[in-house]
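Here are some friendly notes to read alongside the structure. Keep it open and look up each residue as you go.

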Amino acid sequence: MSTDIKTTSIESDVPVYLKLAAVTMIWGGTFVAGRFLADSLNPLLAASLRFLLASLALLLFMAVARIPLARPNRKQWLQLMVLGFFGIFFYNLCFFYGLQYINASRASLIVALNPAVIALASWLLFQERLSRVKLFGIGICLAGAGLVIVSRNQQVFNGAAGAWIGDVLIFGCVLGWGIYSLYSRDLNHSLGPLQTVTYSILVGTVMLWATSAVRGELRVEALAALDFGQFFSLLYLGVLGSALAYIWYYDGIRKIGATRSGVFIALNPLTAVILGALLLGEHMTLPMYLGGGLILGGIYLCNKPLARASNKGI
């Protein structure tokens, strides 16, 4: 009987794992789309357009599905303001401006710290249990992500004189995403993932557009000059990379927790490399395959043992 309950519980998490894996594949594709836009569109304007499209996609989906917007209370509005600021506005400012000082590979290496930061914060703030196996799994994920990134660009540690500024800014992305992942704990249960993501993206979008307006970057000429390829890239970033991916990520947090969901972020550099090989003709190397194996093994260790342990008392 106990074995049957364990098996059912583990199997019930499989759809969540598949969604989180799909999220990382989508986010891996955002590197390709972002690379396409990098040389042709102002970073802040690109972020503003990305989340405007994400907002429109979410509102359209809710209208078609006849899902009314919830009415958050004062406390929930304050929480949503925090999520919109750190997860959308702050994260994107740190990311886009950090990339002006360091290359994308070096930035990816820092962003790969996300699972460890989320796990540590979950332990400190919410007393989430961190077993030795889970810690080992997180370590393996970090090692695998690092191996993939470094093997892709062996000059990853080389930087200009101001590289430390970029490092600090990109680490700000890690902190911003950690807050966005953990601070949603109550809202995910009271409002649900869809409402939480929709409101946080709307709030963050308003902040981005207000900043763009203050900086004088909202020019009609820049918008009119967008070609099909740029618009398609923005559509991918907004609809798939933001709206859909954020909902599935928050749904994963609600069902299996922030640490077990966050560890899937380690797949981002691997999916980016695979998509680069498929779409851009980039070469896959043995260290990349080895790094990918370490990432998958680490994710397995972080999820499978905990699923078993959590059912011992049933």
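Which residues in α4 meet which residues in α10?

1. Trp77, Leu80, Met81, Leu83, Gly84, Phe85, Ile88 and Phe89 in α4 meet Thr196, Tyr199, Ser200, Ile201, Val203, Gly204, Thr205, Met207, Leu208 and Thr211 in α10; contact means heavy atoms within 4.5 Å. The residues of this contact divide into twelve nonpolar, six polar and no charged (Ala, Val, Leu, Ile, Met, Phe, Trp, Tyr, Cys and Pro count as nonpolar, Asp, Glu, Lys and Arg as charged, and the others, Gly among them, as polar).

2. A word on the source: this is a predicted model, where local features need pLDDT of at least 70, side-chain atom pairs count only at pLDDT 80 or more, and totals for chains, interfaces and linings use all residues. Residues are numbered from 1 along each chain as its sequence is written, and side-chain values use heavy atoms, with hydrogens and water left out.

3. The chain has 15 helices and zero strands (DSSP runs, numbered from the N terminus: H or I of at least four residues for helices, E of at least two for strands).

4. Of the 314 residues of the chain, 49% count as buried, meaning under 20% relative accessible area with a 1.4 Å probe, protein chains only.

5. The largest nonpolar core has 70 residues (a core is a set of buried Ala, Val, Leu, Ile, Met, Phe, Trp, Tyr and Cys residues joined through side-chain atoms within 4.5 Å). Ile201, which also belongs to the α10 side of the contact above, is one of those with the most contacts inside this core. A second, separate core of nine residues includes Leu41 and Leu237.

Terms used: Buried < 20%, exposed > 50% of the residue type's maximum accessible area, 1.4 Å probe, protein only.
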